Amino acid sequence: MSTTTIKWGIAGPGNISKQFVKDLAFAAGAEVVAVAGRNLEKAENFAKEFNIPRAYGSLEQLAEDSDVDIVYVGTLHPAHKDNTLTFLRAGKAVLCEKPFTMNAAEAEEMITYAKENRIFLMEAMWTRFLPAINKVRQWLEEGKIGEVRLVKADFGFNLGWKPESRLLNHALGGGTLLDAGIYPISFVSMVYGAQPDKIMSSARIGETGVDEQFSLLFEYEGGRNAALNGSVQLGLVNDAYIFGTKGHIHIPLFLAARSATLKVTGEEPETFVDDRKAHGFMFEAEEAMACLREERPESRIMPLDETLALMTTLDTIRKQWNLTYPADK
């Protein structure tokens, strides 16, 4: 493997993969050499649009491409487990889109294989790697706002009534929790460094059998709390707040954060601004490439044990709602 250039393969020529490839142009030492999908024509069109040398009509062909160092899995999330294992078994490193899998059992299978074979695997939680979020972690590590006791975070958008949409399609793993809810839940996991001791939740299950909105209250040791909301039928404000005994931190549109403001009681606010030109997916790609160059099998910022713990939390929440998917059976 080159110490400078990391060669990427793209699994799934969809919209999320398009955004990822656009952002890879901003990541030093990244080169996309192949794309694959179930539909060869779509893969070929994707390759033509982004000047990618090779297009395949199956993921197995991509897995066999000896030129590929790492694969970005941007397929529909019910396929994440099988797709990721296809690449891991071929010895390819994988950056897998969130939600990582449909449930914790699938995540455990993927993670166990990657760890046993020392193959790099990481959840593509791009928010975790944004410069503004890095600054937030620094403020927290420095104790700027004292003891954190409350986190508030929402992510919701109004899709409109489109029962044919993937987001409302039960068979495709639709619903708010897996698509939108993973953002605030992962965010609070980062802040507290743990999963909640107690979860109270409420959800609206719509006509298509998926959760159209939810509210969560997490309790942690020491009386710490988190209040989280999500929806695919309501446009929420999508900000995050972290409240501590000495002040608070505000992150506007936290999942795509371009700024963060620190307000310590009695002091002037301090605002960090990220004026990046790209969407922001290149930061997770840079982390993955750094791990490959340093021969680390997983990220310290988005470790596999935390990814598995997050999937377990999502399972616990869905169980409260009696919401299951085909992958759960």
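1. Accessible areas here come from the Shrake-Rupley method with a 1.4 Å probe. On that basis the protein, which is a predicted model, exposes about 14200 Å².

2. Now the overall shape. A compact globule of 329 residues would have a radius of gyration near 20 Å, and the protein has 20 Å, so the two agree. If you're setting up a box, the C-alpha atoms fill roughly 55 × 45 × 40 Å along the principal axes.

3. On secondary structure, the count is 9 helices and 14 strands. How much of the protein is buried? Of its 329 residues, 53% count as buried. Take the contacts with a separation of 6 or more: residues 24 or more positions apart account for 67% of them.

4. Next, the largest nonpolar core, which has 110 residues. The members that touch the most other members are W8, F187, F218, I242 and I251. Which helix gives the most to this core? That's helix α7 (residues 176–192), with 11 residues. As general background, nonpolar side chains tend to be buried together in soluble globular proteins.

5. I251 is worth a click in the viewer. Leaving aside neighbours within four places in sequence, I251 is in contact with I133, V136, F187, D239, A240, I242, A257, S259 and A260.

6. Last stop: A63, found in helix α3 (residues 59–63). Is A63 buried or exposed? Buried means under 20% relative accessible area, and A63 has 9%, so it counts as buried. Not counting residues up to four places away in sequence, A63 touches T86, F87, A90 and K92. If you want a C-alpha distance to check, A63 and N83 are 20 residues apart along the chain, and their C-alpha atoms are separated by 9.7 Å.

Conventions:
Residues numbered from 1 in each chain as written. Predicted model: local features only at pLDDT ≥ 70, side-chain atom pairs only at ≥ 80, totals over all residues. Heavy atoms only, no water. Helix = DSSP H or I, 4+ residues; strand = E, 2+ residues; numbered from the N terminus. Buried < 20%, exposed > 50% of the residue type's maximum accessible area, 1.4 Å probe, protein only. Contact = heavy atoms within 4.5 Å. Core = buried A, V, L, I, M, F, W, Y, C linked by side-chain atoms within 4.5 Å. Rg over C-alpha atoms; globule rule 2.2 N^0.38 Å.
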